[in-house]
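Here are my notes for someone opening this entry for the first time. Have a look at the model, then read on.

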Amino acid sequence: IGVDRNTKHHVLVASVLETGKVLKLGKSCFHIHHKYKNLRRGFQKAGKLRKVRDIKNRESRIVKDINHKTTTALVNFAKEQNACIVLENLEGIRQTAKQRKKNKGQRYSLHSWSFYQQMQMIEYKSKKIGVSVHFVEPNYTSQRCRCGHIEQANRYGNLFHCKKCGIVEDSGVNAGFNIAYLHKNGILRFSKESDLLKGNTDTPKEATL
């Protein structure tokens with residue numbers, strides 16, 4: 001199961017490579033970040049620093065609760081599918097995001113969401129029920145189509161539309177399939193110069209939480 005971890009969509013999107021089944025989890029995280037960001041900004045302007053601290057602590061508790069619920073659902077889903085979990089290695093993602101100038105909202109979410117906490121929960125919960133966890137590099141997983149074509153313009157926000165074959169689907173779902181494909185085929189990362197896969201898998205069936 002390839003898992004796309006996001007900040008502006010569902011927080012976890014799990015794609016089962018063999019069956020095309022999809023599980024989407026944690027749609028509310030982006031809205032939570034911006035709700036509490038705006039609350040803190042208002043209290044900061046009013047000089048109410050204690051309120052700022054209280055709001056920050058409240059957001060942290062909500063994030064932890066969402067991470068608990070979504071990671072539990074993910075590992076149980078993997079157990080039901082008799083599959084391993086494959087994640088992108090997001091170490092250093094915050095530093096990389098600092099260099100990007102285009103999307104301030106995404107940079108804020110990257111700094112707010114606890115990817116490390118989420119990863120720890122997935123690892124220890126998976127270990128408890130006998131599900132293995134693996135990591136691959138994130139290069140081009142969001143830009144690559146299952147036909148093999150890689151292009152930055154393929155992805156536009158939450159939509160993936162391949163400029164070569166024309167396939168249209170959820171961007172997180174597409175990334176999840178790519179992540180799973182890397183591990184299944186023993187590939188560390190995608191190369192823009194390589195056409196590694198021909199043809200499509202079955203149409204995904206979606207479940208949401």
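The points below go from the whole chain to its strands, helices and cores.

1. First, the ground rules. This is a predicted model, in which local features need pLDDT of at least 70 and side-chain atom pairs count only at pLDDT 80 or more, while totals for chains, interfaces and linings use all residues. Residues are numbered from 1 along each chain as its sequence is written, and side-chain values use heavy atoms, with hydrogens and water left out.

2. The overall picture: the protein has six helices and nine strands. Those are DSSP runs numbered from the N terminus, with helices being H or I of at least four residues and strands being E of at least two. Of the 209 residues, 43% count as buried; buried means under 20% relative accessible area, exposed means over 50%, and partly exposed is in between, using a 1.4 Å probe and protein chains only. Take the contacts between residues at least 6 apart in sequence: 65% of them join residues at least 24 apart. Contact here means heavy atoms within 4.5 Å.

3. Start with strand β1 (residues 2-5). Gly 2 and Asp 4 point one way, Val 3 and Arg 5 point the other way, and all are buried. In a regular strand the side chains alternate between the two faces of the sheet. β1 pairs with β2 in the antiparallel sense over four bridges, and with β4 it runs parallel, joined by two bridges. Two strands pair if DSSP finds at least two bridges between them. Val 3 stands opposite Ala 14 in β2 and opposite Leu 87 in β4, while the partner of Asp 4 in β2 is Val 13.

4. Next, β2. Both of its faces are covered, with Leu 12 and Ala 14 on one side, Val 13 and Ser 15 on the other, and all of these buried. β2 also pairs with β3, antiparallel, over four bridges, and Leu 12 has Leu 25 as its bridge partner in β3. The two strands form a hairpin with five residues between them, and Gly 20 in the turn has a positive phi of about 80 degrees.

5. Which residues is Ala 14 in contact with, leaving aside its neighbours within four places in sequence? They are Ile 1, Gly 2, Val 3, Lys 21, Val 22, Leu 23, Leu 74 and Phe 77. Ala 14 has 1% relative accessibility and so counts as buried. From Asp 4, Ala 14 is 10 residues away in sequence and 6.5 Å away in space, C-alpha to C-alpha.

6. Now the cores. A nonpolar core is a set of buried Ala, Val, Leu, Ile, Met, Phe, Trp, Tyr and Cys residues joined through side-chain atoms within 4.5 Å. The largest has 18 residues, of which Ile 1, Val 3, Ala 14, Leu 74 and Ile 85 touch the most other members. Two or more residues each come from β2 (12-15), β3 (21-25), α2, β4 (85-88) and α5 (115-129), and α2 gives the largest share, four residues. Apart from this core lies another, of 13 residues, including Leu 17, Ile 179, Ala 180 and Leu 182.

7. On to the helix pair. Helix α1 (residues 29-45) and helix α2 (residues 49-81) pack at about 170 degrees with their axes 9 Å apart, and α1 and α2 are therefore roughly antiparallel to each other. The contact takes in Tyr 36 and Phe 43 of α1 and Ile 55 and Ile 62 of α2, among others. Axes are lines fitted to C-alpha atoms, for helices over the stretch in contact, and angles run from 0 to 180 degrees between N-to-C directions. Angles under 35 degrees count as roughly parallel, over 145 as roughly antiparallel, 65 to 115 as roughly perpendicular and the rest as oblique.

8. Last, look at the open sheet of three strands, ordered β6-β7-β8 with antiparallel pairing. Its edge strands, β6 (155-156) and β8 (168-170), each pair on one side only.
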